[in-house]
Amino acid sequence: MYKINEIFETIQGEASFTGTPSIFIRLQGCPVGCSWCDTKQTWQASDVYKVDLQKTVEKKADSELWADSSAEQILSLIQDKGYQAKHIVITGGEPCLFDLNPMCKLLHENGFSTQLETSGTFEIKVPEKTWVTVSPKINMRGGYPVLKSAMLRANEIKHPIAMMKHVEELEVLLEEMNIQPPLVYLQPISQKAKATRLAVDVCIAKNWRLSVQMHKYLGIN
């Protein structure tokens, strides 16, 4: 069973799939503890907030409400809603608290592509054809180290930054792990002007890419 915080259809606003119509499956639970996290409502899975799966698609605002669901129930809900998107983004929370193979395989069998967004601090359990986006959470409050296995599995690295220190942390991590990822995106935290200028400058200098959270500029989920 998977713990579902919400399911909704929108446009992916980050990294390689920017602009792609997508169905987001947001899972509940995350012990990583990022101070600037914008989905803190997903951190805990208290039974007080447990609801039926249908209520996860009826949310009008962020909340701690969550539901237990099987892969089959998730697929059925998506089909019943009549969503048009064929790309599914599995995010959180920290989705790698779960074995995602059953969900992803079922979605693939039914014509969907899948993408995982993870902090890289837990073992990644997805099929080979799932696109993996690792946002390495370095030195966070929860104390979980970024796993080399997760970094090696990544199809892209998406690294939120607010200051040069965050860029340097990523550089050190890549050097220590002796990894050259196929794609590296820098993403300014909260679209702040100073962080955006820094991200632009570093991307040009290092031939990395910029991710600007397009959905937030558009004012959509």
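How do the residues of the lining of the largest pocket divide into nonpolar, polar and charged? In this predicted model, that lining comprises 17 nonpolar, 20 polar and 13 charged residues. The pocket itself has a volume of about 1,000 Å³, and of the 50 residues that line it, those closest to its centre are Arg 26, Asp 38, Thr 39, Thr 91 and Gly 92. Several elements supply at least two lining residues each, among them strand 2 (21-27), strand 5 and helix 6 (214-218), while the largest share, five residues, comes from strand 1.

The second largest pocket has a volume of about 160 Å³, and its lining includes Trp 36, Pro 136, His 159 and Glu 169. Strand 7 and helix 4 (164-177) are the elements that give two or more residues to this lining, with helix 4 giving the most, three residues. By class, five of the lining residues are nonpolar, four are polar and three are charged.

Turning to the cysteines, the count of disulfides comes to zero. For Cys 37, the closest cysteine sulfur is that of Cys 34, and because the two sulfurs lie 6.1 Å apart, they are too far for a bond. The sulfur of Cys 203 also has its closest cysteine sulfur in Cys 34, but at 20 Å, which is again too far for a bond; Cys 203 is buried, at 7% relative accessibility.

Finally, Thr 118 lies in strand 5 (residues 113-118) and, because its relative accessible area is 4%, counts as buried. Its side chain makes a polar contact of 2.9 Å with that of Glu 94, and, leaving aside neighbours within four places in sequence, Thr 118 is in contact with residues including Cys 96, Ile 124 and Val 132.

How values were computed:
Residues numbered from 1 in each chain as written. Predicted model: local features only at pLDDT ≥ 70, side-chain atom pairs only at ≥ 80, totals over all residues. Heavy atoms only, no water. Helix = DSSP H or I, 4+ residues; strand = E, 2+ residues; numbered from the N terminus. Buried < 20%, exposed > 50% of the residue type's maximum accessible area, 1.4 Å probe, protein only. Polar contact = N/O pair within 3.5 Å; in protein donor to acceptor, adjacent residues only side chain to side chain. Contact = heavy atoms within 4.5 Å. Disulfide = S-S within 2.5 Å. 1 Å grid on protein atoms, 1.4 Å probe; cavity = no way out; pocket = protein on both sides within 12 Å on 5 of 7 lines; lining within 4 Å. Points joined across faces, edges and corners; volume = space filled by probe spheres on them. Nonpolar A, V, L, I, M, F, W, Y, C, P; charged D, E, K, R; others polar.
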